[in-house]
Each structure stands twice: as C-alpha cells, then as structure tokens.
Amino acid sequence: MNGFLRRLGALTVKELRQISRDPSSIMIGLVLPIILILIFGYGLSLDVKNVPMAVVMEHDTPLVRDLLSGLNGSAYFSPRHASSMHEAEELLRKREVDAILRTGSDFDSRFMKGDAKVQLILHGVDSTTATLIGQYTSALLSLRVQTNLDRQGLSADSGKGTGSAVVQSRMWFNEAADSTWYLVPGLIVIIMTLVGAFLTALIMAREWERGTLEALFVSPVGRTEILLSKIIPYFLLGMAGLLLCLAAARWLFAVPLRGSLTIFLLSSSLYLVVSLGMGLAISSVTRSQFLSCQIALVVSFLPAVILSGFLFDLRSVPLAARIVGNILPATYYMEMLKTLFLAGNNPVILLRDAAALLVYAVLFMGVAIRFTRKNLD
Amino acid sequence: MTTERTNAAGQPVHSLTDRTSLVVSAHDAGKIFREKKTSVTALCSLSLDVPAGSMTAFVGPDGAGKTTFLRMICGLLAPTSGTLLVLGLNVADHAAEIQSRISYMPQRFGLYEDLSVMENMNLYADLHGIPGPARKERFARLLDMTDLARFTARPAGKLSGGMKQKLALACTLVRSPELLLLDEPSVGVDPLSRRELWAIITKMVQEEHLSVIVSTAYMDEAERCDNVVVMHEGSILAQGSPEELRKLTQGLCHATSVPVGMKARHLQAWLLDQPSLIMDAVPEGSHVRFVLPPEHGRNGIPQELISPCSGNIHLKVEDCTGVTPRLEDSFMFLLRHRQASAESSGAEEKILSPSQDTTIPDALPDVKTAPFSPRTEDGQQNSKEAVIEVRDLVRKFGSFTAVASTSFSVYRGEVFGLLGPNGAGKTTTFRMLCGLLPATSGYLRVAGENLRTAAAQARTRVGYVSQKFSLYGNLSVLENLHFFGGVYGIGPFALRRRIREVLEEFDLTGHEHDISGAMPGGFKQRLSMAVGMLHKPEILFLDEPTSGIDPLARRVFWRRITTLSDEGTTIIITTHFMEEAEYCDRMLIQDAGQVLALGTPDDVRRQGGSAPTMEEAFIHIVESSRAARAAAKEGA
C-alpha cells in the first residue's frame, strides 16, 4: 500500500508539473471556462429585449394611446410610429422592425362593445423570437386593457366587457423569466464536460503516442496508479474551473443558488469524475490524440450542448433525440444543477440523478481500466 | 529468496534467482500477430537460454523479431505458443512481478520532454521506490557517468539526441535491475555519444554484474557482448560468443588495396556483383574488404577474380592480404548463406513462415542494377562541374548560431557525405540546401538556383528523402507513386512507364498494392527512395537513410547509390555510420556549426591522426576541435 501511494504520488506530481508547463491545459481548464461563461452569459440570451416594433394607429385616440403607452415604458419593446401600414410593411421587409402592431380606425367603438381587435404581424424568420414577441405583446396589452376597464368602472365580467377570464401568469423559480438564470447552470455543465472529457481524452493518448507508456509499463507501476494519477490533477483543475464558474454565476449574473452549496459541490465532483472517466475511456481505447479529440467532441461536448436540455426542453424534442438525451450523463447533471440553482434541494430529483451519474462513473472507469492493460498486444 | 516455483501447469521450474542461473529461458516461444484477416508471424518457435550475469546481443535484419522478443520478455506481449520464463517466472502469469524486477529501455524511450533531467530521473526513482540516501548516491554516479550533471534543470526536450539517450539510460538504471533490456539504444546517435553510452553500459555491467540483453544494428556493439544471437525472420540463425561466430569466416576474409584511379565503391560493387564468388564486400580504409564463400575461399582467392573473363577489373594477388574476421563478416556470411538455402528450398521456407511476405526482411532480394562498368575518363572530367555551391553560409536561430560560415562545393555525379555529431548543424545545412529553410546570410546555389526562391520547375531537379517516413501511410505503394508523380507534373503515360521502372529498380514489384504504412521499415525506406527518384532528379538529398538498418540492407542500399551516382545523379547524404563515409567521394564533418574537415575519405582519415577507421578519425577530429574550443574559452 505504501508503494502504491508513493508511486501514485510520483505520477501525480509528474502530471501536475506537466500541466503547469503546458499552457494549453491551463487554457482549457481555467481560461476557457471564463471565456465561455462571458460569451454565453453576455452574448447568448434567449430573452427578447428592445424589440423594434412599428406601431400603426389608423385612428389616433386617447384610448389607443393609453393602451399602447405600455410599450414605451417597457424594456422589451422599442416602438416607433409608422404613418401608414404601407410604410410599416416596408420597415418589416427591411427588417428595421421585427413586428407591426396595428389598431383599426374603429378601435374605440369596438372596444366599448367588447369586440376590439389589434393586429400583430411578426417577422417569422426567427420563430422563437417571434413567439416570444407575440406572448409579450398580448400579455402587455391585456394588462393595459384590464387597468383601463377597471378605471372606467367596467369589469371584465360585467357582461359588457371582454367577456373572458384574464390569465394572470407567474413564473416560479425564475420570476423574471431571465434566460441567464437557466443558461448559466447549463453552461457549467458544458464546461465541466469540456474540461473533463477533453483534457483527459488527450493525455492518455499522448502517452501512447509519445511512447512514454512503454517505459512506464516495465516498472512496478500498476494501471490503477496510472489512471488515478491522470484523474487527480485534472479533477483539481476541473474543480478550480467550476469554482470560477460558480463565482461568475453568483456575482456577475446574480444567479441565485437556492439549493445547498455542499450538494452542488458533491454532485459536481461526481459529474467531473464521470466526465474524466469518459475522456480516459475514449483515450485508452483509441490511443491516438487526434481520434480521441474528435470522438470527445462528438460524443461529449456537442450532445451536451444540444441534447442535454441546455437550450431545449428534452420533452419537446422528437423521441429519438429524447432517447439520446436520456443516455447522456450530461442530461442528469443538467437537471441537478438547474434544480439546485433555481428550485432548491429536491431530494427525489437529486437522488435519482446522482444514482444515474454514479452508474456512469463506474462504467467509464471500468472501460478505462479494461483498456489500459500493461501490454502492447 | 525462493528457489523452487511452479508454473501454471504445476510443474516445478528451475527458478534460482541468483545471478548464476538463466535470466531468460524460451521453449518454442512463438508470436503471431492477428489483425482482421491477416496474421503475421513475428517469432516462430524460438528456443533460447540466456545465462545470468552475461551480456547478450540480438542482431538480425529489419523484421527479424528482435523488438518483439524483447517486448515478450518484458511481458508487454504475450507469447501465442510455447513457454517463456524470465527470472524463472512464466511471463504469461507473472508479468507484473517480472516488470518490477527488470529494467527496459524501449527503442523510443518516452522521456517526459517538458520535465527536467532531474524530474525525469526522480520520477523513475520514485516509481522504483529508491530511498533517499541510496538515491542521492546513485544519482551522483549516474549524472557523473552520463555527464549530465550540468544539465539537471534542463527540460529533457531541449537535450540533443545523444544526451536524451543517455538520460533514458540513466532513468532505466535508477536501480540495479536483475535483468536489463536495451532495444537498439544507439539508433540515431552520433559516434561520440554512442561510445559514451557503451562506456556507461560496460561500467555498470562490470560493477554490478548486470545481466543485459541488447538488440542492435551495430556489429561492433554486438562484438562487445559475451553472447550473440543472430535472428532472422523470427527464428534463430546462429548463436554463440563473438569468438565462435567469427570463426565461421576464419581464413575467408581478405582486403585488397584499391587500384589508382578507381573508386573503392566501384571495386566493391564489382565484387558484390559476383554473388557466387563473394559473400560480402565493403570499402574500408583505403582498401576493400571482402569475404569469400567457404567452397571457394579455403584455397585462397578464386582464379575467376584474378583473371576475369569479362570486364577489365580484376584483383591482383599481391594487393590482397588475409585479414582477421570480424563479427560483421560472419553476420553477412550467415545471412547470405540463409538466403542461398532459402532460394534452393523455397517451398520449405513457406511452411516455416506462412506469411512470409510480411516478415521477409527487405535486404534479401538481389540488387537489380546494371552490372558495373568502369567509368571513362570523360566522365571524370564532367564531374568537375559544381552543381552545389555554398559560400559563407550562416544560419542563426535567435542568438544561437546553428551553421557558421560554411563553404563547400559538390560536383556532378559525386557522392557527398555530411557528417557530424547530433546537433552539429547537419540537418540545418541540409534544409537550407533543399530550400526548406532560409539562410541568414551567405551564397547558396543548387543546380544553379537558390531553391528557396527558385521557381517550382527548379525544384523538380532535386529529390529529397527525409529521415522520417513522410509518405501517405494509408495509401498503397502504387497510390503514393501516382500521387507524387502527379505532384512532380509527370504526364500520365510517362508516369506509368516511370513507375514500372522504379518499382523494378527498388524491388517493389509485387508489393504495388501493399498499404505503405503497414510495410516493414526497409520497404518503407525503398519506397521513399523510389518516390524521391520518380522524376529523375539530378541531385538527391538523403537524410540518414540507413539509420537503424542492418548491414545487409545497407549493402543493398549503397550498391544502389553506386549505380545512381554512375548514372550521373549527384548524391548528398547524412549518416551516423562512419564506415559509410568510405563510400563517399568527398565528405564534410561539422560540429557546432563549424566545418572541421572537408575532403576525400583518405584526407579525412589523415587529418584524424591517420586513424585506421573512419569512426576513430571522426572522433579524433571532433574531440580535438572541442578541446581547442574549450581551451580558447578558458583563455578568453
């Protein structure tokens, strides 16, 4: 046992020295997470803000003005007035505006009858954005309509009003519906996948390619020691990257961490082991840096971005994609992190996901050990 | 220590682990590599006992199975048949224990290049559990022997080739192993470093009574060992002490002086072209050394060589003297003998190794070259035209001067050797000549142009064969030839004809559809040459083409060079085999970027203190220049 620890120590120190002298691992382990979190955090936002919108009032009345006044004060819209529908359409074609809001010339009289209509034309090229604009607009208008009716002493259910119940929606866990809040936890998953699988995919293959393993094999070193000496330093590097991400999430993007920090760190450690195991497994099987790099990209990073529920809810994707998504360990960690950050400790979800990750950790480590045999056959 | 062990079958095994018993004992050990549909026989039922406390050398042509056997002894490859005992343990069952008791230096020792010399050594010392005080003492000794004490903080990647190899040996020797395995420890290492490397090995063997097995392509290295095992196509051709092996050619070795006006390589080529009368011939000193077959040689030099029926070359009895045999003579004798018997009983051979195509060493086919015809005086005059002119060539990398004001010329049809220790500036000079690297200053003309700036057309006048295999490994022989033919702009019909010619010339016919990356080293080297010669260049650059190649393959290689040169091709070549400089018309020795010697082999030998061999002359020249430089530095 003493020998085991001594050899493990020697190999780990060697690995740490190599990391410290090779700027590329530091780049991937520490600098890349920061760059990614800044790019994704500031650059990628699924929120729609400052939507340019052309407003066409065919009959300019105080009521219409009042109804549409909500647009001006909103952070979501930046309305501009168009004198005619023709002009507005022109603006939409040139994509100077993303939407046209039009009120008819008989709006006032229809409004009194409870039959007022507002036309909304959306630029449908970005359908997600278009849907969001539609939702925002109707939410905003119905709010204004409600207050207007209230002010005029008419209630919605007085028989003469709009005649329907008004939906008052509230978003739990992400009250402001701020996409950074759910993107940042997802981003941590991506970064952990990248750091874990990518770094280790290279290092085992590198030893095979440079022939350093052949000399190492003919020594008392065991394969467990070799693999552990790869995991420990990169685990530390990955955890450092994780803490940077957590700090950025808290202080740059003000994402709340509603669950326990301990559980967050534990589950992240578990996922990091899964991710490192995946990299080691790829690396030990291929024994080629180029190949394992490509495989790591295709089986870990890309699916983690697309299929883990980072951007799209897995329940709304086609069955095949959903199945693939459910095979990915990243999906489970994604669910854990989103829950921990935004919803708090939920033992059912967390335990189930942790169990899944544990299975993956054992599986990948098993494959890595299986394929790192001390022979060249 | 246990004296009795049982192997997997429960039979007792003689397993005395003290240093008087056997360190390796193989019984019908075989190794077949199976890949998809093909199987390659690397070793066929090999039986061998290696006694402890001795030095054993494995020699043999490329693909003989030396590396495979060493890896099997380490437990890195499992035998597919037979048994193999190492230190009395069966490798199949006790690989881990064997691996912790032996030390192994692979051909490509994986030093961690970003770790320093000391960190590399500490890593291996930690892995072997060398305690502090013992380590301190051991390291001091190793650093002293390897002369690396000054460089302990330098990253291993920044060491020269020779120093890297010495560091690898030091890492292998962090403790005294029960068995030391060295796989071609001196490949690609210059003669000086090679001598130092062997000094370390010999010293360790003497002081610690190590058991050593070393595989090597250098016969002089094998000659230092107690026991030599000649391997060929996965089986043992002969074994014995160097003394015993040398006796095979006792009385058959002769040397003749070279007649005035003739080149040593021409006389050698003429001798080699008579395979029934000559087993081997090689230029040496100002002589040509040759070995006669026993059926002719017992009665002195055969009449046919003295009064030839055709041609105007012949030997004069008074020029010939009998010389004492060397291991290389017997090695060549054994391989030629084997070749002859294989030809007479080809069918039997096929049964022995079913996949002969892949294990056959490259050296065996006959050289298909035009029979030698002596050169006319006209030819000699033509050769005075300089095709390469270099004046005051300088190359600096930052503040480091890799090549310092070098001047020389190479004449048409010459074989010009570029020699020097690792890091002397040979490769830099070479790259500048080929136009791969711009010169810092100086005048440089190759075929009348500076290749760096010349039009693409000018480049087709030179061919370049790099040291590393630089063809497309996943293309077949034919596909590679077609591709490079296209690159050189040879028309489709001319290319087809030319490909047929080079396939014939470099003995690749029948292998057109082999995937080039999967071929043995010698084949790859011939294919590289074939590609380099596709466009019939006037000038051929060869960067260490014979590195790690056995003597037989090197004879074939140089015979080909002789023919190419006779056809008017100018050849510039680098090599670490100093005796190969004897083939050159003129040569240049560089060290630390400076020209130390320039002239014919005779000139250089004279300059090197009239040393009998080129290697001694080389070492003398380089060492005296280094001593002079050191003295100058101290004076300053």
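This is a predicted model: local features need pLDDT of at least 70, side-chain atom pairs count only at pLDDT 80 or more; totals for chains, interfaces and linings use all residues.

Reply: Two strands are said to pair if DSSP finds at least two bridges between them.

Me: What makes E17(B) and strand E20 of chain B a pair?

Reply: Five bridges join E17(B) to strand E20 (residues 441-446) of chain B. The definition asks for at least two bridges, so these strands pair. They run antiparallel.

Me: How many bridges join strand E17 to strand E18 of chain B?

Reply: Eight bridges join strand E17 (residues 386-397) to strand E18 (residues 400-411) of chain B, and the two run antiparallel. At least two are needed, so E17 and E18 pair as well. Here Ala386(B) has Tyr411(B) as its bridge partner in E18(B). The hairpin that E17(B) and E18(B) form has two residues between the strands, and Gly398(B) takes a positive phi near 65° there.

Me: Why is the contact between Glu184(B) and Lys66(B) called a salt bridge?

Reply: The term requires a side-chain nitrogen of Lys or Arg within 4 Å of a carboxyl oxygen of Asp or Glu. For Glu184(B) and Lys66(B) the N to O distance is 3.8 Å, so the pair qualifies. Glu184(B) lies in the loop between strand E9 (179-183) and helix H6 (191-208) of chain B, while Lys66(B) belongs to helix H1 (residues 66-73), 118 residues apart. Both Glu184(B) and Lys66(B) are buried.

Me: What makes Lys164(B) and Glu113(B) a salt bridge, and which parts of the chain does the pair tie together?

Reply: The closest N and O atoms of Lys164(B) and Glu113(B) are 3.7 Å apart, which is within 4 Å, so this is a salt bridge. Lys164(B) lies in helix H5 (residues 161-172) of chain B, and Glu113(B) lies in the loop between strand E8 (102-105) and helix H3 (117-127), so the pair ties together parts that are 51 residues apart in sequence.

Me: Why are Lys164(B) and Glu113(B) called partly exposed?

Reply: A residue is buried under 20% relative accessible area and exposed over 50%, with partly exposed in between. Lys164(B) has 24% relative accessibility, so it counts as partly exposed. Glu113(B) has a relative accessible area of 37%, and therefore receives this label too.

Me: How do you know that Glu538(B) and Arg412(B) form a salt bridge?

Reply: Their side chains meet at 3.6 Å, N to O, and the limit is 4 Å; therefore the pair is a salt bridge. Glu538(B) sits in the loop between helix H20 (521-533) and strand E22 (539-543) of chain B, and Arg412(B) in the loop between E18 and strand E19 (415-419), 126 residues apart. Glu538(B) has a relative accessible area of 23%, so it is partly exposed. Arg412(B) is partly exposed as well, with a relative accessible area of 23%.

Me: Which residues do salt bridges with shared partners join into one network?

Reply: The network consists of Arg138(B), Arg141(B), Lys203(B), Glu207(B) and Glu208(B). Over all chains, the count comes to 54 salt bridges.

Me: Is Thr56(B) buried or exposed, and how do you know?

Reply: Thr56(B) has a relative accessible area of 0%, which is under 20%, so it is buried. Thr56(B) is found in strand E5 (residues 55-59) of chain B. Leaving aside neighbours within four places in sequence, its contacts include Val50(B), Val212(B), Ile213(B) and Cys225(B).

Me: Which residues have the most contacts inside the largest nonpolar core?

Reply: They are Phe69(B) and Leu179(B), in a core of 161 residues. Helix H7 (residues 179-210) of chain A gives the most to this core, with 17 residues. Beyond four places away in sequence, Phe69(B) touches residues including Ala26(B), Leu43(B), Phe58(B) and Met231(B).

Methods
Residues are numbered from 1 along each chain as its sequence is written. Chains are lettered from A and ligands numbered from 1 in the order in which they are written. Side-chain values use heavy atoms; hydrogens and water are left out. A nonpolar core is a set of buried Ala, Val, Leu, Ile, Met, Phe, Trp, Tyr and Cys residues joined through side-chain atoms within 4.5 Å. Buried means under 20% relative accessible area, exposed over 50%, partly exposed in between (1.4 Å probe, protein chains only). Helices (H or I, at least four residues) and strands (E, at least two) are DSSP runs, numbered from the N terminus. Contact means heavy atoms within 4.5 Å.
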